[in-house]
Amino acid sequence: MDAERLSHAYIIAAEPEDGYAQARRLAQTMLCSAPGAVRPCGVCRNCVKAAKDVHPDILTISRQTDEKGKPKREIYVEQVREVVASSAVLPNEAERKVYIFRDAGTMNPAAQNALLKLLEEPPKFVSLILVADRADQLLETVRSRCVLLRGGTETALPAAVMAEAEAYLQLAAGGSRAALLRFALSHETLSNAEMLEFAAAARALLGDMLCARRPSGGLSHAELLRLSALLRQTEDYLRSNVSAKHIWGMLTVGTLPPEPAGSR
């Protein structure tokens, strides 16, 4: 994901755990300190701490618990006011800090209204991610100040990249080596950054297929796992500056299973 395309405020409309996982991944992208255009790199200090959920500049706001440890019904306006007050404080380690609101849909109107000014005019080093079951749980005034992401797929990736990743996976399901080779030849001039973005998009789609959030397109569970591992290896090679042309050679060979002996 290109950091230049990131917004300062997002709403992620998804199941609670999926939405929080996506929010953490997005926060990691925002804090990544890699010099390249595609983030997160997964290996810099900020990425490693974010992945372990110990980064001091990723702050999670959740419903408070009662004396029995049970979550209360709402995120209260006092909690939001604390966020607004602390937002003026510089980050600890990264160039920015990210506030993740879990169960953001439980904020009552007073709490949401208290957040409006920060959403509209945040300090340049502050980003906010609101995770809710449904976007319509939030006021229109809140929604209008945020970029909306839906579901488990990393929809912050450009639509054109997602479309190319979908086309590749359709070829993987179709089984035509000739068609896959033509696709590879038409994409071998991509830069490493563009290839990393493509691989990330394809892996996000495969993750949705494995979790049954989208149809598998005829790919078996084993094939989905194999392709996901292949694309993860692709990302590792790209970060080692292997050229896109060589990567497409690897994908042309590895995307489809070996042909049975004597099939030619």
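1. In the protein, residues 24 or more positions apart account for 73% of the contacts that have a separation of 6 or more. The model under discussion is a predicted one, and its secondary structure comes to ten helices and five strands.

2. Of the 264 residues in the protein, 42% are buried. The protein exposes about 13,500 Å², and carbon and sulfur atoms supply 53% of that area.

3. Helix α3, which spans residues 77-86, has Val77, Gln79, Val80 and Val83 as its buried residues. These residues lie on the same side of α3, because the arc that they cover around the axis is only 160 degrees. Arg81, Glu82 and Ala85 are exposed, and they are carried on the face of α3 turned away from its buried side.

4. What lies over the buried side of this helix? The cover of the buried residues of α3 includes β2 (58-61), β3 (97-101) and α4 (109-120).

5. On one pairing of β3, the partner is β2, and the two strands pair in the parallel sense over four bridges. Within this pairing, Ile58 stands opposite Val98 in β3. The chain passes from β2 through α3 to β3, and the β-α-β crossover made in this way is right-handed.

6. Strand β4, residues 126-132, is also joined to β3, in this case by five bridges, and β3 and β4 run parallel. A right-handed β-α-β unit is made by β3, α4 and β4.

7. The structure holds ten salt bridges. One of them is formed by the side chains of Asp53 and Arg24, which meet at 3.8 Å, N to O. Asp53 lies in the loop between α2 (45-51) and β2, while Arg24 lies in helix α1 (residues 16-31), so the pair ties together parts that are 29 residues apart in sequence. Both partners are partly exposed: the relative accessible area is 42% for Asp53 and 25% for Arg24.

8. Which side chain meets that of Glu121 in a salt bridge? The partner is Lys117, and the contact is 3.3 Å, N to O. Glu121 counts as exposed at 53% relative accessibility, and Lys117 likewise counts as exposed, at 59%.

9. A further salt bridge joins the side chains of Asp136 and Arg134 at 2.8 Å, N to O. Asp136 is exposed, with a relative accessible area of 53%, whereas Arg134, with a relative accessible area of 46%, is partly exposed.

How values were computed
Residues numbered from 1 in each chain as written. Predicted model: local features only at pLDDT ≥ 70, side-chain atom pairs only at ≥ 80, totals over all residues. Heavy atoms only, no water. Buried < 20%, exposed > 50% of the residue type's maximum accessible area, 1.4 Å probe, protein only. Contact = heavy atoms within 4.5 Å. Areas by Shrake-Rupley, 256 points an atom, 1.4 Å probe, with all protein chains shown as cover. Arc of directions from axis to C-beta. Pairing = 2+ DSSP bridges. Right-handed = clockwise from strand over helix to strand, strands pointing away. Salt bridge = Lys/Arg side-chain N within 4 Å of Asp/Glu carboxyl O.
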